[in-house]
There are 2 protein chains.
Amino acid sequence: MAASSGVSIGYLADRTGLAVSAIRYYEAQGLITPWRNNGGQRRFFRADIRRLSFIMIAQQIGFSLPEIRGFLKALPGGRTPTPEDWAKISEGFRDHLDQRIETLQQLRSNLDGCIGCGCLSLPKCALYNPKDRAAQNGQGPRYLMGDHAETENNP
Amino acid sequence: MAASSGVSIGYLADRTGLAVSAIRYYEAQGLITPWRNNGGQRRFFRADIRRLSFIMIAQQIGFSLPEIRGFLKALPGGRTPTPEDWAKISEGFRDHLDQRIETLQQLRSNLDGCIGCGCLSLPKCALYNPKDRAAQNGQGPRYLMGDHAETENNP
DNA sequence: CCTTGACCTCAAGTTAGGTTTAGAAATTAC
DNA sequence: GTAATTTCTAAACCTAACTTGAGGTCAAGG
């Protein structure tokens, strides 16, 4: 093999645990941009392991691929990202993470007020006005509404 | 309207913010079981607003509909759930929530170790062995692997 | 009675995030 | 040099969680 000519998609798949097909899909979504060797095969930077790991972590936390693409825009295009580059993008990332944790903590602290008391009257509830769009998967519910029914008698 | 004969699907939709079609879908998935009036239209308990709100909250946190169906099994079938009923099911729910918060907090505290340092070597990372299956949407990534490449020179 | 809006069923379409398949070309291993 | 892997593309398929549409019914007001 030619020295330092990049790594194959299979190598990245082995190192990250991702399926080869998933990595190709991420390329199609603009999350990673390999070049091609003479034979037309994809070649990646070895450092793209980090990039893929970042994608996997962000997904676990609940971010969509377009959102993650946004995070990764902050990385330099032409060269291997440095520790400083990663530190920079992890900052904005951390803010989102903080928000997400706070939302869940509020929900937990209000759990009795929301659910345990049986009223589920959600103006009290942390999720009444969910700001945390990262938590939404797909075409999920739009918003939550309270239950302050007029008479509230059993049917 | 006949007194105390239940509420319509449209009423529930208005009160919860869910689409009518979503409520019908939840019925198909066994999350809610209305009865029918003489004309064949669905009738719900007024208290089903709570049930639907619970579904929406649990979804926000990341539970799938089958999982939520499991939570709701703990509710009584024949009568309107009491505050105590809700308190009971919110307990198991809270455990899941606690776990989820802890996972995210560990990730945050390790964020510099995982991402900020640029090594992304995930044995240190809270998400290296993700136990939090509720966080996984769809056929997501299977596991995370570190980046301790042999030579680690730029390509 | 008539109209209007809410409701019904059932099938098909949608989006996200991928996987699978098929047939061909490139690379690696012996 | 040949065989065994990998990789390539493109299109089809998959699941979850819904939405949309067609064609028809029910209920309330005037």
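**Salt bridges, core and DNA contacts**

Mentor: A:E27 counts as partly exposed, at 21% relative accessibility; buried means under 20% relative accessible area, exposed over 50%, and partly exposed in between (1.4 Å probe, protein chains only). This is a predicted model, in which local features need pLDDT of at least 70 and side-chain atom pairs count only at pLDDT 80 or more, while totals for chains, interfaces and linings use all residues. Residues are numbered from 1 along each chain as its sequence is written, chains are lettered from A and ligands numbered from 1 in the order in which they are written, and side-chain values use heavy atoms, with hydrogens and water left out.

Trainee: How many residues apart in sequence are the parts that the pair A:R42 and A:E27 ties together?

Mentor: A:R42 forms a salt bridge with A:E27, with the closest N and O atoms 2.5 Å apart. Helices (H or I, at least four residues) and strands (E, at least two) are DSSP runs, numbered from the N terminus. A:R42 lies in strand 2 (residues 42-43) of chain A and A:E27 in helix 2 (residues 20-28) of chain A, so the parts tied together are separated in sequence by 15 residues.

Trainee: Which residues are joined into one network by salt bridges that share partners?

Mentor: A:R42 counts as partly exposed, at 21% relative accessibility. Salt bridges that share partners make one network of A:E27, A:R36 and A:R42.

Trainee: Which residue meets B:E27 in a salt bridge?

Mentor: The N to O distance of this bridge is 3.8 Å.

Trainee: What pattern does chain A follow along the sequence?

Mentor: The secondary structure of chain A comes to six helices and two strands. Read along the sequence, the pattern is α-α-β-β-α-α-α-α.

Trainee: Which residues have the most contacts inside the largest nonpolar core?

Mentor: A nonpolar core is a set of buried Ala, Val, Leu, Ile, Met, Phe, Trp, Tyr and Cys residues joined through side-chain atoms within 4.5 Å. In soluble globular proteins, nonpolar side chains tend to be buried together. The largest core here has 63 residues, and those with the most contacts inside it are A:I68, A:L72 and B:L72.

Trainee: With which residues is B:L72 in contact, leaving aside its neighbours within four places in sequence?

Mentor: Contact means heavy atoms within 4.5 Å. By that rule, the partners of B:L72 are B:L31, B:R51, B:F54, B:I55, B:W86 and B:I89.

Trainee: Which element gives the largest share of the surface near DNA strand D?

Mentor: A residue is near a strand if one of its heavy atoms lies within 4 Å of it. DNA strand D is surrounded by 23 residues, and A:R36, A:R42, B:S21, B:Y26 and B:Q59 are the closest. The largest share, four residues, comes from helix 2 of chain B.

Trainee: What percentage of the atoms of DNA strand D within 4 Å of the protein belong to sugar or phosphate?

Mentor: A phosphate oxygen of DNA strand D is 2.5 Å from an N or O atom in the side chain of B:Q59, and another such distance, to a polar side-chain atom of A:R24, is 3.1 Å. Bases account for the rest of those atoms, and the sugar or phosphate part is 83%.

How values were computed: Salt bridge = Lys/Arg side-chain N within 4 Å of Asp/Glu carboxyl O. Polar contact = N/O pair within 3.5 Å; in protein donor to acceptor, adjacent residues only side chain to side chain.
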